[in-house]
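These are my notebook entries on one model. I worked through folds, contacts and surface in turn.

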Amino acid sequence: EEKERGERERREKVAAMAKGVDPEQYEKDTGVKWASSFTDVPDDGNCLMHAVWLGLSALKKHYPNLPGGGGELPTSAERFRLAALMKMAKDLGYREAVSNQLQLWLSVDCDVLYSLEDLFLLPPDFQSLVVNTNLEVTGGAVQLEQIDIGAMVDQYIAAISQKQTDSGREFYLPLGELELETLCRVYGFRL
């Protein structure tokens with residue numbers, strides 16, 4: 001009996017998930033105008049920025065008097081990425097967060113550093129810079145305070161801004177939590 005009830009509840013949940021969105025009900029419930037089509041984004045590592053750009057573009061188009069949004073938007077997701085990263089590079093909170101992340105990377109044991117997935121998503125040149133500097137700091141050849149962390153922050157931002165190429169395929173590095181948090185702040189929206 002309990003097994004039957006569980007199976008019935010599961011079927012009901014699955015059936016409910018299969019129902020499409022009623023655009024009129026959605027707009028009535030949320031106040032958000034439903035679009036009849038979606039734009040598929042390319043699989044180039046820039047999907048977060050593409051989605052944010054599409055969302056902000058749609059909001060500006062349908063609700064031009066909304067406050068926030070970070071000013072005029074570029075005409076493409078690729079240009080939006082560069083403009084957003086330039087804004088984020090000027091954000092003191094972002095620079096401090098990246099600085100803290102880099103100082104952590106430079107001061108941990110190599111075994112820990114090598115287990116940090118985020119580091120190995122970055123371009124090989126920047127990875128080498130971090131690993132070599134980490135070896136100098138943890139080996140005692142250089143004090144962490146002697147490292148120009150501000151310059152490394154600029155190099156990090158440059159690294160995540162550039163389009164990468166591997167085996168003839170062009171792509172962007174996926175952005176992380178620091179970038180998402182700052183993106184929300186500098187463009188004045190919440191997720």
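Does Arg185 count as buried, partly exposed or exposed? I looked it up: at 39% relative accessibility, Arg185 counts as partly exposed. My cut-offs are under 20% relative accessible area for buried, over 50% for exposed and partly exposed in between, with a 1.4 Å probe and protein chains only.

**Ground rules.** The model is predicted, so I took local features only at pLDDT of at least 70 and side-chain atom pairs only at pLDDT 80 or more, while totals for chains, interfaces and linings use all residues. Residues are numbered from 1 along each chain as its sequence is written, and side-chain values use heavy atoms, without hydrogens and water.

**Fold.** I found nine helices and two strands in the protein. I took both from DSSP runs: helices are H or I with at least four residues, strands are E with at least two, and numbering starts at the N terminus. From that end the order reads α-α-α-α-α-α-α-α-β-β-α. Of the 191 residues, 31% are buried.

**Salt bridges.** I searched for a side-chain nitrogen of Lys or Arg within 4 Å of a carboxyl oxygen of Asp or Glu. The count came to five salt bridges.

I went back to Arg185 and found a salt bridge with Asp91, the closest N and O atoms being 2.6 Å apart. Asp91 lies in the loop between H4 and H5 and Arg185 in helix H9, so this pair ties together parts 94 residues apart in sequence. Asp91 counts as buried, at 15% relative accessibility. Arg185 also meets Glu181 in a salt bridge, at 3.7 Å from N to O. Those two are separated by about one helical turn because they sit four residues apart in helix H9.

Next I checked Glu78. Its salt bridge with Lys163 has its closest N and O atoms 3.5 Å apart. Glu78 is partly exposed at 37% relative accessibility, and Lys163 is partly exposed at 36%. A network of salt bridges links Glu78, Lys163 and Glu170.

**Core.** I defined a nonpolar core as buried Ala, Val, Leu, Ile, Met, Phe, Trp, Tyr and Cys residues joined through side-chain atoms within 4.5 Å. The largest one has 41 residues. Among those touching the most other members are Phe80, Leu122, Tyr156 and Tyr187. H8 gives this core its largest share, seven residues.

**Rings.** Tyr187 came up again. The charged end of Lys87 sits over its ring, 4.8 Å from the centre. The test is NZ of Lys or CZ of Arg within 6 Å of the ring centre and within 35 degrees of the ring normal.

A search of the whole structure gave me three aromatic pairs. Tyr114 and Phe120 form a tilted one, 6.3 Å centre to centre with 45 degrees between the planes. Rings of Phe, Tyr and Trp (its six-membered ring) pair if their centres lie within 6.5 Å; planes under 30 degrees apart are stacked, over 60 edge-to-face and the rest tilted. Tyr114 is partly exposed at 44% relative accessible area, and Phe120 is partly exposed at 35%.

**Loop.** Last, I looked at Leu66, in the loop between helix H3 (47-62) and helix H4 (77-90). Leu66 is partly exposed, with a relative accessible area of 45%.
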